[in-house]
Amino acid sequence: MKPESLSPMTWRFSDRAEQLQSSAIREILKITMRPEIISFAGGLPSPLTFPVERMQAAYESVLTREGKTALQYGPSDGYAPLRAWIADSLSTDGVHILPEQVLMLSGSQQGLDLLGKVLIDEGDRVLVETPSYLGALQAFSVYRPQFVSVATDDDGLVPSHLADVGQGARLLYSLPNFQNPTGRSMTLERRVALVDTCARLGVPLIEDDPYGALSYNGEPLPKLLTMNPGGVIYMGSFSKVLTPGIRLGYVVAPLPLIRKLEQAKQATDLHTAQITQMVVHEVVKDGFLKEHIPTIRKLYAAQCGVMLDALAEHFPAGATWTRPQGGMFIWVNLPAHIDSMALLEEAVANNVAFVPGAPFYANAPASNTLRLSFVTVPPEKIREGVATLGRLIAARC
Ligand code: PMP
């Protein structure tokens, strides 16, 4: 049977669904799966860092020791020992995070959807960085907010801009560490100002932090969460420090919000897989991440260095780019007349891919921008791919 003959009905979708669109990035990723393509497009962590044997041993021991529990339904808020471990790892000398403040998620992406569900009514003003994480824009837009773009520069979000746009906003979504897509981080001064301003305006502040642990030079700056645990919603993930395929993340928030998020989660998927949480707890409980994360940082720092050198060598004057101190992405600004979407077509024809910057903007997209991911491509291919891009850009200058 032909696929089209399976569905003679004309489907009528909800208004909400009508406005959904596939992520531009996922569509591009489909093309870039071809083996001959040098892809700087994906946001995937390097599989070289996946602790496969460690995970295998943990599955084995959890199933042997507590197989019946691991394979049973579990609580909606998550596996208690893992929640306690997360609360402990986020607590500092001055700030004590309770295990009850941690809700386990099926990937932190789920948290973005749940936060949209419980916090955003149609037309609410939602503040986002310029540019911001595309997956958050997608998740929130289902709830039909009015996005308001907050200015950013090389030091991250500019808190003084909130004086103009922050009043009456429903929430602010921020990425203080090694932002996706720009790789930028907020300075300490900016963090203090941001937390103070949001507290003064009564605007809840979401801190999305999947890359925070991937700092190339020692410990990252303090989390917004620890600066104001009563007003900050923190989102963490095991995707970039263990593996993304397990789909495990968490949200940390004041108790009334956690209870509401838990109700929303119950309706969505009952709970996050119990076996996954038990296995991850087994892996992390004795300090494995303390030895593992430095190996990821070292690899990514080296890969980033290779790409920065190649950009300096091959990109023409007029192009500028960020110099990340951690994470997985470099953001490029091309001369204003170059449209990176058109450049992508030509690049793919030359076996190189990247993500055009426009979809990362909630308003007024800058079409001369693009995102490069450097962690999954071997160094010699990084040099080759950047040289090709440099040639194509120079031809348009
Ligand atoms: N937030 C940001 C900024 C991300 O880059 C990603 C993953 N690309 C996510 C959230 C979602 O991560 P997870 O795998 O935990 O769902």
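**Backbone, helix and domains**

Author: Leu270 counts as exposed, because it has 11 C-beta neighbours inside 10 Å. Keep in mind that this is a predicted model.

Reader: Where is Leu270?

Author: Leu270 sits in the loop between α10 and α11 (274–284). It comes just after α10.

Reader: And what is the phi of Leu270?

Author: Near 65 degrees, a positive value in a residue other than glycine. Most residues other than glycine have a negative phi.

Reader: Which other residue has a positive phi without being glycine?

Author: Arg144 is one, with phi near 55 degrees. Arg144 is in the loop between α6 and β4 (146–150).

Reader: Is Arg144 buried, exposed or partly exposed?

Author: Partly exposed, because Arg144 has 15 C-beta neighbours inside 10 Å. The cut-offs are 20 or more for buried and 12 or fewer for exposed.

Reader: Back to α10. What span should helix α10 have, and what is the distance between its end C-alpha atoms?

Author: α10 covers residues 255–269, which is 15 residues. At 1.5 Å a residue it should span 21 Å. Its end C-alpha atoms are 21 Å apart, so the two agree.

Reader: Which residues of α10 are buried?

Author: Ile258, Leu261 and Lys265. Down the axis of α10, the buried residues fall within an arc of 65 degrees, so they line one face of the helix.

Reader: Why would residues three or four places apart point the same way?

Author: An α-helix has 3.6 residues a turn, so residues at that spacing point the same way.

Reader: New topic. Where are there cis peptide bonds?

Author: One joins Thr130 and Pro131, with omega about -5 degrees. Another joins Asn180 and Pro181, with omega about 20 degrees. Most peptide bonds are trans.

Reader: Which loops hold Pro131 and Pro181?

Author: Pro131 is in the loop between β3 (125–129) and α6 (134–141). Pro181 is in the loop between β7 (171–174) and α8 (188–201).

Reader: Zooming out, what does the domain assignment give?

Author: Domain 1 takes in 3–50 + 290–396, and domain 2 is 73–286. Their centres, taken over C-alpha atoms, are separated by 24 Å.

Reader: How many residues are in contact between domain 1 and domain 2?

Author: 27 residues of domain 1 are in contact with 30 residues of domain 2. On the domain 1 side, α12 (288–314) and β12 (329–333) each supply at least two residues. The largest share of that side, five residues, comes from α12.

Reader: How do the residues of that side divide into nonpolar, polar and charged?

Author: The side of domain 1 that touches domain 2 has 16 nonpolar, eight polar and three charged residues.

Reader: Last one, the ligand. Which residues come nearest?

Author: Gly107, Ser108, Gln109, Ser237 and Ser239, out of 14 residues around the ligand.

Reader: And how does that shell divide?

Author: The shell around the ligand has nine polar residues, four nonpolar and one charged.

Conventions: Residues numbered from 1 in each chain as written. Predicted model: local features only at pLDDT ≥ 70, side-chain atom pairs only at ≥ 80, totals over all residues. Helix = DSSP H or I, 4+ residues; strand = E, 2+ residues; numbered from the N terminus. Expected span 1.5 Å × (residues − 1). Arc of directions from axis to C-beta. Domains from an automatic or database assignment. Contact = placed C-beta atoms within 7 Å. Nonpolar A, V, L, I, M, F, W, Y, C, P; charged D, E, K, R; others polar. Near = placed C-beta within 6 Å.
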